[in-house]
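This briefing covers the nonpolar cores of one model and a patch on its surface. Please look over the sequence and structure first.

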Amino acid sequence: MNHEIDKKEKYSLLTVKEEKILSTNAPDLKAACLKLEGEGVRNIILDLEVTKYVDSSGLSAILLFHKTCKKNNGVLVLTGLQDAVKNLLRISQLDSILVVVGTFDEARDYIMMEELEKDIRG
């Protein structure tokens with residue numbers, strides 16, 4: 001799977017550079033998730049701006065990111081979703097579980113607010 005990872009202090013940005021996430025490349029996306037978890041990353045921004053289609057294997061990979069972040073007291077934020085991918089999340093009712101924002105800046109701000117709230121709560 002063609003993707004890029006940019007690690008920051010409080011999160012990692014994973015930019016998918018594939019038009020489709022299918023059973024043929026979703027395992028690579030899952031491997032990237034597990035690699036980030038192994039490196040201690042708990043907050044992930046998943047940028048899917050280039051992605052126009054996601055099948056059930058792709059949804060499974062996205063859910064792995066969500067579960068992994070949640071398990072590690074972090075958050076997954078999806079950004080850059082094309083209409084077809086947004087509709088798939090809505091139809092599968094995952095839009096009520098996953099955090100979806102329009103832009104990278106909104107995603108980064110969401111994670112920073114989550115981290116700030118954790119710091120305040122102790």
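Which residues make the nonpolar surface patch of about 330 Å²? In this predicted model, the patch is formed by M113, L116 and I120.

**Surface patch**
- L116, one of the patch residues, lies in helix 4, which spans residues 104-121.
- The relative accessible area of L116 is 44%, so this residue is classed as partly exposed, the range between the 20% limit for buried and the 50% limit for exposed.

**Nonpolar cores**
- The largest nonpolar core is made of 26 residues, and L76 and L78 have the most contacts inside it.
- Two or more residues of this core come from each of these elements: strand 2 (12-16), strand 4 (44-47), strand 6 (76-79), helix 1 (26-38), helix 2 (56-71) and helix 3 (83-91).
- A separate, second core has nine residues, among them Y11, V75, A107 and I111.

**L76 and its contacts**
- Residues up to four places away in sequence aside, L76 touches I44, L46, I62, F65, H66, C69, L98 and V99.

**H66**
- H66 sits in helix 2.
- H66 counts as buried because its relative accessibility is 16%, and the cut-off for buried is under 20%.
- Beyond its neighbours within four places in sequence, H66 contacts L76, I97 and L98.

Key:
Residues are numbered from 1 along each chain as its sequence is written. This is a predicted model: local features need pLDDT of at least 70, side-chain atom pairs count only at pLDDT 80 or more; totals for chains, interfaces and linings use all residues. Side-chain values use heavy atoms; hydrogens and water are left out. Patches are made of residues with over 30% relative accessible area and no salt bridge: like charges are joined within 9 Å, nonpolar side chains (Val, Leu, Ile, Met, Phe, Trp, Tyr) within 5 Å. Accessible areas come from the Shrake-Rupley method with a 1.4 Å probe; for residues, only the protein chains shown count as cover. A salt bridge is a side-chain nitrogen of Lys or Arg within 4 Å of a carboxyl oxygen of Asp or Glu. Helices (H or I, at least four residues) and strands (E, at least two) are DSSP runs, numbered from the N terminus. Buried means under 20% relative accessible area, exposed over 50%, partly exposed in between (1.4 Å probe, protein chains only). A nonpolar core is a set of buried Ala, Val, Leu, Ile, Met, Phe, Trp, Tyr and Cys residues joined through side-chain atoms within 4.5 Å. Contact means heavy atoms within 4.5 Å.
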